[in-house]
Amino acid sequence: MSSATGTFSLQQPLNYRAGARVQPADGGHSEEVHEPATGRVIGKFLCSGEKEIDLAVQSAKAAFKIWSQKSGMERSRVLLEAARIIRACFFWISEEQRDEIAKMETINNGKSIFEARVDVDISWQSLEYYAGLAGSLAGQHIQLPGGCFAYTRREPLGVCVGIGAWNYPFQIACWKSAPALACGNAMIYKPSPLTPISAVMLAEIFSKAGVPKGLFNVVQGGAATGQFLCHHPDVAKVSFTGSVPTGIKIMEMSAKGVKPVTLELGGKSPLIIFSDCVLENAVKGALMANFLTQGEVCCNGTRVFVQREILDTFTKEVVKRTQKIKIGDPLLEDTRMGALISQPHLERVQGFIKQAKEQGAKVLCGGNLYVPDDPKLKNGYYMQPCVLGNCRDDMTCVKEEIFGPVMSILPFDTEEEAVERANNTPFGLAGGVFTRDIQRAHRVVAALQAGMCFINNYNISPVELPFGGYKMSGFGRENGKAAMEYYSQLKTVCVEMGDVESVF
Ligand SMILES: NC(=O)c1ccc[n+]([C@@H]2O[C@H](COP(=O)([O-])OP(=O)(O)OC[C@H]3O[C@@H](n4cnc5c(N)ncnc54)[C@H](O)[C@@H]3O)[C@@H](O)[C@H]2O)c1
Ligand SMILES: C[N+](C)(C)CCCC=O
């Protein structure tokens, strides 16, 4: 694979079934795949139809029979091998696998190679972590009168479906497949049609690592393909990452088949900065909370509440550092902000900024389109990261998920006020607080209605920590031990040691 921006083109099929890349057996329309850095079309794929989905399900069912009979330790070894392959070398000859995946992620998503490498690291760590848990998936032994007893077994669910968003394509595929496979399930994964490439690389890695053919299949497509998956009678569970409106549809479809769902949805998270914070850390934290992956991060702390005493100092420093963020060719080592995912999305983000200005917000920096000097990047989807001042809680930019590099700064006076305003949202994915006061820090996060809270940092994601939302940001958890519960079911076995005492 060539590594320069503007040179890659897709050659191979993007569906993966029964251990091989395949063209779908049937399909609707075809979708173009873009390179956000240049706006180039790098290939096309056919969206999978009902027949292809059924073939993928049948293939996964066959693999499930083999995989679910293996011990946790046997499954663990295969997952560890998959993690090792990602970290280590070969596969595509000389370059490191980790870097190959990171480059493809950058080419297809537009994020900087610096960040893509971190995403790949978090991905293999997830495989390692669940490999570690696979061997200890266990039930309980319960004593009953007369020597009788019962025990519980944690069993896999069967064929699980994963449906992913485009912002962390490889990482989302790993966050879903690692616990699913560790628990003994098979998985069919559908990436976003905007980022179809890296999930197939994961499928190839699983095959190399030794999973049975069909255990991890990839189908490509958009809403229609996703609907076939959710409605298929042999699908046992749907794990979804995406927007709230789609999450609602997934839940409705799954309800028809009484299928358990996990919903990892959007957010509009608060970051509360108290005047007693370490200012340097708070400024760095605010940038981490807003500008990773061009601001296209579900848990971003986009409502930055700043205590009035430090509002000016904090704002000046945030603006100064935001202006220094290096935008440009995402495959260059020193780039820290690449291109947004698509032209329509870029326009949508620009629309939010325009509306913010109309509603009285002040653009303190950025917000304009950015055209890099390099001529090959002139059709890419770039913009300058934006900081908005003069914001009020009732503005659209403060209420709605923008999913772009736009930070809204909101002054506050008291702790009570900040917490109340922070919680005044239908979302509840994440939240953060910067303060030196340890009691206040814990009091505030305890009061925040959010599933993932940070004290004196933001947007770090060790795989050991459960991640997921409150309120309309969804339910269920990814990562941590908690995810094992969402990919397994509990069977109780009651054992009689004496004779049956019948009431008849
Ligand atoms: N909470 C999290 O962990 C998390 C992580 C990443 C992204 N997100 C959220 O994802 C959103 C951005 O991603 P997006 O634009 O890809 O979201 P989206 O809801 O448009 O699409 C997500 C996935 O659902 C599929 N889909 C769309 N309609 C469907 C339908 N009717 N039936 C079945 N599948 C369907 C898409 O093809 C895609 O694969 C943001 O709201 C972001 O906050 C959440
Ligand atoms: C790795 N992060 C930055 C915590 C993002 C998690 C996935 C959300 O979009």
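When I say salt bridge this morning, I mean a side-chain nitrogen of Lys or Arg within 4 Å of a carboxyl oxygen of Asp or Glu. By that rule the count in this structure comes to 25 salt bridges.

Before going further, a word on conventions: this is a predicted model, in which local features need pLDDT of at least 70 and side-chain atom pairs count only at pLDDT 80 or more, while totals for chains, interfaces and linings use all residues. Residues are numbered from 1 along each chain as its sequence is written, chains are lettered from A and ligands numbered from 1 in the order in which they are written, and side-chain values use heavy atoms, with hydrogens and water left out.

Let me start with the overall layout. The domain assignment, which is automatic or taken from a database, gives domain 1 as 15–265 and domain 2 as 270–455, and their centres, taken over C-alpha atoms, are separated by 31 Å.

Where the two meet, 24 residues of domain 1 are in contact with 27 residues of domain 2, contact meaning heavy atoms within 4.5 Å. Together they bury about 2,000 Å², 60% of it on carbon and sulfur atoms; buried area here is the accessible area (1.4 Å probe) that two parts lose on being put together, summed over both.

Which side chains form the salt bridge across this interface? The rule finds one between the domains, and the side chains of Arg117 and Glu333 meet in a salt bridge at 2.8 Å, N to O. On the side of domain 1 that touches domain 2, the elements giving two or more residues are helix H3 (97–109) and helix H4 (113–134), and H3 gives the most, with five residues. Helices (H or I, at least four residues) and strands (E, at least two) are DSSP runs, numbered from the N terminus.

Arg117 also forms a salt bridge with Asp99, the closest N and O atoms being 2.8 Å apart. That pair links distant parts of the chain, with Arg117 in helix H4 and Asp99 in helix H3, 18 residues apart.

Finally, I would like to turn to a hairpin. Strand E3 (residues 27–35) and strand E4 (residues 40–48) pair in the antiparallel sense over seven bridges, where pairing requires that DSSP finds at least two bridges between two strands. The bridge partner of Gly27 in E4 is Ser48, and in the hairpin, which has four residues between the strands, Gly39 takes a positive phi near 80 degrees.
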